[in-house]
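The entries follow the order in which I looked things up.

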Amino acid sequence: MKTQVVLLLSCFVCLNAHSQTARLNKTDGASAPKVRTYYLCAEEVDWDYTPDGKDMMMGTDFSGYSRVFTEHNDKRIGHTYRKAVFHEYTDATFTTLKPRPAELAHMGLLGPVIRAEVGDTIKVVLRNNASFPFSLHPHGVSYDRDSEGAMYADGMEHPEANGLVPPGKTHTYTWLVRKEAGPGPQDGSSIAWLYHSHNFEPKDVNAGLIGAIVITRKGMARPDGSPKDIAHEFFSLFMIIDENQSRYFDHNLKANIANPEKIERSEYVPLDPEGNGDLPLGTGFATSNMKASINGYLFSNGPLMTMRKGDHVRWYVMTMGIGFNFHTPHWHGNLVSVRGQYMDVLPTIGPAQIITADMVPDKVGTWMFHCHVDDHMKGGMQTLYRVLDKGESLQSTASTASASVEHVAHK
Ligand SMILES: [Cu+2]
């Protein structure tokens, strides 16, 4: 008898919970809020800005400015730098890397995409396998001080409790995805925010510790968190990475230059390679370490971003870093729309800003995608995207480079 009562009661509770869930589903057309857990690890890599070894935009060897920013010799570090990046693992043992999906190979230096739907909770377990203390600071989502991952006086008596992760340690960050973190009335089904290390922010971010968070509207996420109505997403970090300011600059100087004490670290020559005045760019040792890159690639190196005619694709375009980072990303061939307005050049983005732009390409071909600021273009901030015809296989196209993960040399 007692057992039957318990059974009946538990069935009632069960049915009641089920009907509440059903009501929720009916109201939102969505599943119940989820806790989405990510396992990120800060790891050191030797990053090659030009894995293809030539100017892929022009199809030529490096010369002039492209040589200034890529050539390694006894006075220049060149194109490969020690950096720290975020990698994703499958669980808290941090033994199995979670491979980046092939369609996101173009993301290069960027960390894994952290995804959630409005109403979800994000948990990030951050492991630090690098040799400096780092952290994880998110934009957009809601956090308490222990999940802010930023170091400043208030709370610095317990830095580790506030998300500073020394080498070899782990910290769990909890972020709530309120409706304000999701798409607004004029937005599409998803928008993006940045995350990055924020111990000494400039040194951490120039080292490479940066990535994106994508939040979808309630009911608009696939099981993996990506927006249901979008065929392909493309992430583009337009950033002049200042390697002079990286946490790893001293390492890079000593590892690549035989007599580092002879290097004039402040060397800046306001002339272009032809000897003409060029104040905003110029040449010299300091300048050669300023990498005007897209996702950590210069001069159209790296995996080719590929889509099909008529696909609804979404671009998340972002920047970060030093004061030259004001960019006007420009697509040749096809237009994008931003909150209903069509354009081929985005409104200027400045450090820590992201714009979400949608495209339904109708012009087939391989097209330029670059910053329209002259100095940035000349410094390498240019890449390509390809629009295939309807029905063409994305797999069958040769990319300009092999997948970016292959360029990452684990320490
Ligand atoms: Cu620019």
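Which residue of β18 is the bridge partner of Trp367? I looked it up: Tyr385 is that partner. The model is a predicted one, and I kept that in mind throughout.

**Entry: the sheet around that pair**

I then traced the strands on either side. β17 covers residues 365–371 and β18 covers residues 382–388. They run antiparallel, joined by six bridges. Both belong to an open sheet of four strands, in the order β11-β18-β17-β13, and the pairing is mixed. β11 (305–308) and β13 (329–331) each have a single partner strand, so one side of each has no neighbour in the sheet. From one strand to the next, the twist averages 25°.

**Entry: confidence and overall make-up**

The average pLDDT of the protein is 90, and 89% of the residues score at least 70. Two stretches fall below 50. Residues 1–29 stay under 50, and the model gives them seven contacts beyond four places in sequence. Residues 397–411 are also below 50, but this stretch has 32 contacts beyond near neighbours in sequence.

I noted the make-up next. I found six helices and 19 strands. The protein has 411 residues, and 45% of them count as buried. I also looked at how far contacts reach along the chain. Among contacts between residues at least 6 apart in sequence, 75% join residues at least 24 apart.

**Entry: β1 and its two partners**

How many of the 14 residues of β1 are buried? I noted ten, so I wrote β1 down as mostly covered. The strand spans residues 35–48. I found two partners for β1.

- With β2, β1 pairs in the antiparallel sense over ten bridges.
- With β4 (residues 121–128), β1 runs parallel, and eight bridges join the two.

Val45 has Lys83 of β2 as its bridge partner. Ala42 has Phe86, also in β2. On the β4 side, Cys41 is partnered by Arg127.

I asked why β2 is largely enclosed by the rest of the structure.

I found another open sheet of four strands. Its order is β3-β8-β7-β5, with mixed pairing. β3 (114–117) and β5 (137–138) are the edge strands, and each pairs on one side only. β3 and β8 pair in the parallel sense over four bridges. There, Ile114 stands opposite Ile213 of β8.

**Entry: the nonpolar core**

I listed the largest nonpolar core, which has 89 residues. Leu209, Ala212, Val317 and Met318 have the most contacts inside it. Leaving out residues up to four places away in sequence, Val317 touches Ser236, Phe238, Pro329, Leu346, Ile349, Ile354, Ile355 and Ala357.

**Entry: Ala231**

I stopped at the loop between β8 (210–216) and β9 (232–242), where Ala231 lies. Is Ala231 buried or partly exposed? I counted 15 other C-beta atoms within 10 Å, so Ala231 is partly exposed. A residue needs 20 or more to be buried. Ala231 still touches Met307, Asp311, His312 and Val313, with residues up to four places away not counted.

I looked for residues with positive phi. Most residues other than glycine have a negative phi. Asn295 is not a glycine, yet its phi is positive, at about 55°. Phe299 is another non-glycine residue with a positive phi, near 50°.

Where do they sit? Asn295 lies in the loop between β10 (290–294) and β11. Phe299 is also placed in the loop between β10 and β11. I checked burial for each. Asn295 has 21 C-beta neighbours inside 10 Å, so it counts as buried. Phe299 has 28 inside 10 Å, so Phe299 counts as buried too.

Key: Residues are numbered from 1 along each chain as its sequence is written. This is a predicted model: local features need pLDDT of at least 70, side-chain atom pairs count only at pLDDT 80 or more; totals for chains, interfaces and linings use all residues. A nonpolar core is a set of buried Ala, Val, Leu, Ile, Met, Phe, Trp, Tyr and Cys residues joined through C-beta atoms within 7 Å. A residue is buried if 20 or more other C-beta atoms lie within 10 Å of its own, exposed if 12 or fewer, and partly exposed in between; C-beta atoms are placed from the backbone. Two strands pair if DSSP finds at least two bridges between them. pLDDT is the predictor's confidence in each residue, from 0 to 100. Axes are lines fitted to C-alpha atoms, for helices over the stretch in contact, and angles run from 0 to 180 degrees between N-to-C directions.
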